[in-house]
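This briefing is for a reader who has not seen this structure before. Please look over the sequence and the model first.

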Amino acid sequence: MRRNGRRACLVLTDAGTAEETQMKIAIIGAGNVGGALAKSSVRAGHSVTLSAKDPAHAEAKAKETGARAVRSAVEATKGAEVVILAVPYAAIDAVLGELGDALAGKVVIDVTNRVKRPAIAESVDGVSAAEEIQRKAPQAKVAKAFNYAFASRHADPKVDGMALDGFVASDDADAKAKTLALAGSIGFRPIDAGPLAMARALEALGILNIALQMQNGWPWQSGWKLIGPTPDKKS
Ligand SMILES: NC(=O)c1ccc[n+]([C@@H]2O[C@H](COP(=O)([O-])OP(=O)(O)OC[C@H]3O[C@@H](n4cnc5c(N)ncnc54)[C@H](OP(=O)(O)O)[C@@H]3O)[C@@H](O)[C@H]2O)c1
(Lines give C-alpha, C1' and ligand atoms only; values in the text may rest on other atoms or scores of the structure.)
Protein backbone atom coordinates (compact mmCIF):
# COMPACT_ATOMS: atom_id res chain seq x y z
CA MET A 1 0.00 0.00 0.00
CA ARG A 2 1.29 3.46 -0.87
CA ARG A 3 0.25 6.85 0.41
CA ASN A 4 1.62 10.11 -1.01
CA GLY A 5 4.11 8.07 -3.00
CA ARG A 6 5.45 6.44 0.19
CA ARG A 7 5.05 2.82 1.21
CA ALA A 8 2.68 2.52 4.18
CA CYS A 9 3.82 0.44 7.13
CA LEU A 10 1.43 -2.20 8.47
CA VAL A 11 1.75 -3.63 11.99
CA LEU A 12 -0.34 -6.55 13.24
CA THR A 13 -2.27 -5.61 16.37
CA ASP A 14 -3.01 -7.92 19.31
CA ALA A 15 -6.49 -8.34 17.84
CA GLY A 16 -4.88 -9.75 14.69
CA THR A 17 -5.85 -6.82 12.48
CA ALA A 18 -3.37 -4.85 10.40
CA GLU A 19 -2.82 -1.24 11.39
CA GLU A 20 -1.03 1.31 9.26
CA THR A 21 1.71 3.05 11.15
CA GLN A 22 4.69 5.29 10.67
CA MET A 23 7.27 4.57 13.31
CA LYS A 24 9.66 6.82 15.20
CA ILE A 25 13.03 5.20 14.66
CA ALA A 26 16.40 6.04 16.21
CA ILE A 27 19.44 4.77 14.37
CA ILE A 28 22.64 4.65 16.42
CA GLY A 29 25.52 4.65 13.96
CA ALA A 30 25.60 6.65 10.74
CA GLY A 31 27.97 4.51 8.69
CA ASN A 32 27.17 2.19 5.78
CA VAL A 33 24.26 0.44 7.51
CA GLY A 34 22.92 3.37 9.52
CA GLY A 35 22.89 5.57 6.42
CA ALA A 36 21.28 2.92 4.22
CA LEU A 37 18.55 2.04 6.74
CA ALA A 38 17.93 5.75 7.31
CA LYS A 39 17.44 6.21 3.58
CA SER A 40 14.99 3.33 3.14
CA SER A 41 13.14 4.11 6.40
CA VAL A 42 12.64 7.77 5.50
CA ARG A 43 11.49 6.70 2.04
CA ALA A 44 8.95 4.38 3.71
CA GLY A 45 7.51 7.30 5.67
CA HIS A 46 9.10 6.68 9.05
CA SER A 47 10.50 9.47 11.18
CA VAL A 48 14.23 8.83 11.71
CA THR A 49 16.79 10.31 14.11
CA LEU A 50 20.43 9.51 13.50
CA SER A 51 23.47 9.65 15.78
CA ALA A 52 27.14 8.71 15.42
CA LYS A 53 30.24 8.87 17.57
CA ASP A 54 31.19 12.05 15.71
CA PRO A 55 28.05 14.23 15.40
CA ALA A 56 29.40 15.67 12.12
CA HIS A 57 29.10 12.19 10.56
CA ALA A 58 25.46 11.94 11.61
CA GLU A 59 24.86 15.43 10.24
CA ALA A 60 26.34 14.50 6.86
CA LYS A 61 24.31 11.26 6.58
CA ALA A 62 21.15 13.06 7.66
CA LYS A 63 21.58 15.53 4.80
CA GLU A 64 21.91 12.62 2.35
CA THR A 65 18.95 10.65 3.66
CA GLY A 66 16.34 13.05 5.02
CA ALA A 67 16.80 11.79 8.59
CA ARG A 68 17.25 14.19 11.53
CA ALA A 69 20.74 14.27 13.01
CA VAL A 70 21.17 14.58 16.77
CA ARG A 71 24.30 14.89 18.87
CA SER A 72 24.08 11.73 21.00
CA ALA A 73 22.59 8.26 21.19
CA VAL A 74 20.53 9.30 24.21
CA GLU A 75 19.05 12.22 22.30
CA ALA A 76 18.32 9.97 19.32
CA THR A 77 16.34 7.49 21.39
CA LYS A 78 14.15 10.12 23.10
CA GLY A 79 10.62 9.61 21.78
CA ALA A 80 11.68 6.70 19.55
CA GLU A 81 9.79 3.43 19.75
CA VAL A 82 12.37 1.51 17.73
CA VAL A 83 16.15 1.81 18.19
CA ILE A 84 18.46 0.29 15.58
CA LEU A 85 22.00 -0.51 16.74
CA ALA A 86 24.08 0.02 13.59
CA VAL A 87 27.49 0.18 15.22
CA PRO A 88 30.44 -2.25 15.19
CA TYR A 89 29.92 -5.10 17.67
CA ALA A 90 33.04 -3.86 19.48
CA ALA A 91 31.20 -0.60 20.24
CA ILE A 92 28.09 -2.27 21.69
CA ASP A 93 29.21 -2.11 25.34
CA ALA A 94 29.98 1.61 25.03
CA VAL A 95 26.61 2.29 23.37
CA LEU A 96 24.62 0.21 25.87
CA GLY A 97 26.52 1.90 28.70
CA GLU A 98 25.68 5.32 27.31
CA LEU A 99 22.02 4.48 26.73
CA GLY A 100 21.42 2.68 30.03
CA ASP A 101 17.76 2.96 31.08
CA ALA A 102 16.90 4.91 27.92
CA LEU A 103 16.35 1.53 26.21
CA ALA A 104 13.77 0.31 28.74
CA GLY A 105 10.60 -0.82 26.99
CA LYS A 106 11.93 0.04 23.52
CA VAL A 107 12.25 -2.26 20.55
CA VAL A 108 15.98 -2.63 19.87
CA ILE A 109 17.02 -4.04 16.50
CA ASP A 110 20.51 -5.51 16.45
CA VAL A 111 22.10 -5.55 12.98
CA THR A 112 25.64 -6.35 14.11
CA ASN A 113 27.89 -9.14 12.88
CA ARG A 114 30.67 -10.39 15.18
CA VAL A 115 33.45 -11.07 12.73
CA LYS A 116 36.50 -12.94 14.03
CA ARG A 117 39.63 -12.57 11.91
CA PRO A 118 41.64 -14.00 10.31
CA ALA A 119 39.75 -17.31 10.61
CA ILE A 120 36.30 -15.98 9.83
CA ALA A 121 34.67 -19.42 10.20
CA GLU A 122 35.39 -19.17 13.93
CA SER A 123 32.78 -16.39 14.09
CA VAL A 124 30.15 -19.14 13.93
CA ASP A 125 30.54 -20.28 17.51
CA GLY A 126 27.03 -20.82 18.84
CA VAL A 127 26.90 -17.42 20.53
CA SER A 128 24.82 -14.54 19.20
CA ALA A 129 25.36 -10.81 19.58
CA ALA A 130 21.60 -10.32 19.87
CA GLU A 131 21.28 -12.62 22.90
CA GLU A 132 24.29 -10.91 24.50
CA ILE A 133 22.62 -7.52 23.96
CA GLN A 134 19.36 -8.81 25.46
CA ARG A 135 21.29 -10.09 28.47
CA LYS A 136 23.07 -6.74 28.92
CA ALA A 137 19.91 -4.66 28.36
CA PRO A 138 17.20 -6.83 29.97
CA GLN A 139 14.53 -4.11 29.82
CA ALA A 140 14.89 -3.70 26.07
CA LYS A 141 12.86 -5.75 23.60
CA VAL A 142 15.58 -7.06 21.31
CA ALA A 143 15.12 -8.33 17.77
CA LYS A 144 17.75 -9.54 15.31
CA ALA A 145 17.37 -8.47 11.70
CA PHE A 146 19.11 -7.11 8.61
CA ASN A 147 22.63 -8.34 9.53
CA TYR A 148 22.44 -10.99 6.79
CA ALA A 149 22.24 -8.47 3.91
CA PHE A 150 24.76 -5.80 2.93
CA ALA A 151 24.20 -2.08 3.36
CA SER A 152 23.65 -1.66 -0.39
CA ARG A 153 20.58 -3.88 0.03
CA HIS A 154 19.35 -2.13 3.17
CA ALA A 155 18.84 0.92 0.99
CA ASP A 156 17.19 -1.15 -1.74
CA PRO A 157 16.33 -4.77 -0.88
CA LYS A 158 15.10 -5.68 -4.36
CA VAL A 159 17.14 -7.81 -6.77
CA ASP A 160 15.80 -8.37 -10.29
CA GLY A 161 12.38 -7.26 -9.02
CA MET A 162 12.43 -9.81 -6.18
CA ALA A 163 12.28 -8.77 -2.52
CA LEU A 164 15.11 -10.22 -0.45
CA ASP A 165 14.01 -12.04 2.68
CA GLY A 166 13.91 -10.00 5.87
CA PHE A 167 14.24 -12.55 8.67
CA VAL A 168 13.38 -11.42 12.18
CA ALA A 169 14.18 -13.28 15.41
CA SER A 170 12.87 -12.11 18.78
CA ASP A 171 11.31 -13.37 22.01
CA ASP A 172 9.10 -10.29 22.29
CA ALA A 173 5.84 -10.06 20.34
CA ASP A 174 5.94 -6.26 19.98
CA ALA A 175 9.57 -6.31 18.83
CA LYS A 176 8.77 -9.08 16.37
CA ALA A 177 5.71 -7.27 14.95
CA LYS A 178 7.41 -3.90 14.63
CA THR A 179 10.60 -5.27 13.11
CA LEU A 180 8.65 -7.38 10.61
CA ALA A 181 6.58 -4.31 9.73
CA LEU A 182 9.72 -2.21 9.30
CA ALA A 183 11.31 -4.89 7.12
CA GLY A 184 8.23 -5.02 4.90
CA SER A 185 7.92 -1.25 4.70
CA ILE A 186 11.48 -0.80 3.43
CA GLY A 187 11.09 -3.51 0.79
CA PHE A 188 12.17 -6.84 2.31
CA ARG A 189 9.82 -9.85 2.36
CA PRO A 190 9.26 -10.06 6.13
CA ILE A 191 9.74 -13.55 7.58
CA ASP A 192 9.32 -14.55 11.23
CA ALA A 193 12.46 -16.56 12.02
CA GLY A 194 11.36 -17.55 15.52
CA PRO A 195 12.80 -16.83 18.98
CA LEU A 196 15.82 -14.65 19.67
CA ALA A 197 18.02 -17.75 19.88
CA MET A 198 17.55 -18.02 16.09
CA ALA A 199 19.80 -14.95 15.92
CA ARG A 200 22.60 -17.55 16.06
CA ALA A 201 21.42 -18.81 12.66
CA LEU A 202 20.85 -15.30 11.25
CA GLU A 203 24.32 -14.24 12.38
CA ALA A 204 25.74 -17.35 10.72
CA LEU A 205 23.97 -16.28 7.50
CA GLY A 206 25.67 -12.89 7.82
CA ILE A 207 29.09 -14.50 8.32
CA LEU A 208 28.53 -16.84 5.36
CA ASN A 209 27.58 -13.89 3.15
CA ILE A 210 30.76 -12.01 4.17
CA ALA A 211 32.97 -15.10 3.71
CA LEU A 212 31.51 -15.71 0.24
CA GLN A 213 32.38 -12.17 -0.90
CA MET A 214 35.95 -12.53 0.38
CA GLN A 215 36.49 -16.00 -1.04
CA ASN A 216 35.00 -15.28 -4.47
CA GLY A 217 35.76 -11.59 -4.96
CA TRP A 218 32.04 -10.83 -5.14
CA PRO A 219 30.84 -7.20 -4.98
CA TRP A 220 29.28 -7.14 -1.47
CA GLN A 221 25.73 -6.71 -2.73
CA SER A 222 24.00 -10.00 -1.98
CA GLY A 223 21.25 -10.92 0.45
CA TRP A 224 19.22 -14.07 1.05
CA LYS A 225 16.13 -15.37 -0.72
CA LEU A 226 14.59 -18.69 0.25
CA ILE A 227 13.07 -20.28 -2.83
CA GLY A 228 10.70 -23.19 -3.28
CA PRO A 229 7.23 -23.23 -1.78
CA THR A 230 7.56 -20.59 0.92
CA PRO A 231 4.16 -18.88 0.81
CA ASP A 232 3.81 -15.56 2.58
CA LYS A 233 1.92 -15.86 5.87
CA LYS A 234 -1.62 -14.55 5.56
CA SER A 235 -3.10 -12.73 8.51
N1 LIG B 1 28.40 -2.87 6.08
C2 LIG B 1 27.51 -3.80 5.85
O3 LIG B 1 27.16 -4.08 4.67
C4 LIG B 1 26.87 -4.55 6.99
C5 LIG B 1 25.83 -5.44 6.72
C6 LIG B 1 25.17 -6.07 7.78
C7 LIG B 1 25.57 -5.84 9.09
N8 LIG B 1 26.61 -4.97 9.32
C9 LIG B 1 26.93 -4.69 10.72
O10 LIG B 1 26.36 -3.40 11.01
C11 LIG B 1 27.19 -2.68 11.93
C12 LIG B 1 27.59 -1.35 11.31
O13 LIG B 1 28.35 -1.60 10.13
P14 LIG B 1 28.77 -0.39 9.16
O15 LIG B 1 29.36 -1.02 7.96
O16 LIG B 1 27.64 0.55 9.03
O17 LIG B 1 29.93 0.26 10.02
P18 LIG B 1 30.56 1.71 9.82
O19 LIG B 1 30.33 2.18 8.43
O20 LIG B 1 31.95 1.62 10.34
O21 LIG B 1 29.70 2.66 10.79
C22 LIG B 1 29.71 2.46 12.16
C23 LIG B 1 28.99 3.63 12.81
O24 LIG B 1 28.95 3.41 14.21
C25 LIG B 1 29.27 4.63 14.85
N26 LIG B 1 29.79 4.37 16.20
C27 LIG B 1 30.90 3.70 16.57
N28 LIG B 1 31.03 3.70 17.90
C29 LIG B 1 29.99 4.42 18.38
C30 LIG B 1 29.59 4.81 19.67
N31 LIG B 1 30.28 4.45 20.76
N32 LIG B 1 28.45 5.56 19.79
C33 LIG B 1 27.73 5.92 18.71
N34 LIG B 1 28.08 5.57 17.45
C35 LIG B 1 29.19 4.84 17.30
C36 LIG B 1 30.30 5.27 13.98
O37 LIG B 1 30.39 6.66 14.30
P38 LIG B 1 31.39 7.63 13.49
O39 LIG B 1 30.77 7.78 12.11
O40 LIG B 1 31.38 8.89 14.23
O41 LIG B 1 32.71 6.93 13.44
C42 LIG B 1 29.72 4.98 12.60
O43 LIG B 1 28.78 5.97 12.24
C44 LIG B 1 28.38 -3.59 12.24
O45 LIG B 1 28.11 -4.29 13.43
C46 LIG B 1 28.41 -4.55 11.06
O47 LIG B 1 28.95 -5.81 11.40
C48 LIG B 1 27.27 -4.33 8.32
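The points below cover the overall fold, the nonpolar core and the surroundings of the ligand.

The structure is a predicted model. Its chain holds eight helices and 14 strands. The radius of gyration of the chain is 17 Å, close to the 18 Å that the globule rule gives for 235 residues, so the chain is as compact as a globular protein of that length.

**Overall fold**
- The C-alpha trace of the chain spans about 40 × 40 × 35 Å along its principal axes.
- Of the 235 residues of the chain, 46% count as buried.
- Among contacts in the chain with a separation of 6 or more, 67% are between residues 24 or more positions apart.

**Nonpolar core**
- The largest nonpolar core has 67 residues.
- Ile27, Ile28, Leu50, Ile84, Leu85 and Val108 touch the most other members of this core.
- Helix 7, residues 173–185, gives the most to the core, with six residues.
- Leaving aside residues up to four places away in sequence, Val108 touches Val83, Leu85, Leu103, Ile133, Ala137, Ala140, Lys141 and Val142.

**Around the ligand**
- The ligand is surrounded by 27 residues, and the closest are Gly29, Gly31, Lys53, Asp54 and Thr112.
- Helix 1 (32–43) and helix 4 (92–99) are the elements that give two or more residues to this shell.
- Helix 1 supplies the largest share of the shell, three residues.
- By class, the shell has 15 nonpolar, 10 polar and two charged residues.

Note on methods
Residues numbered from 1 in each chain as written. Predicted model: local features only at pLDDT ≥ 70, side-chain atom pairs only at ≥ 80, totals over all residues. Near = placed C-beta within 6 Å. Helix = DSSP H or I, 4+ residues; strand = E, 2+ residues; numbered from the N terminus. Nonpolar A, V, L, I, M, F, W, Y, C, P; charged D, E, K, R; others polar. Rg over C-alpha atoms; globule rule 2.2 N^0.38 Å. Buried ≥ 20, exposed ≤ 12 C-beta atoms within 10 Å, placed from the backbone. Contact = placed C-beta atoms within 7 Å. Core = buried A, V, L, I, M, F, W, Y, C linked by C-beta atoms within 7 Å.
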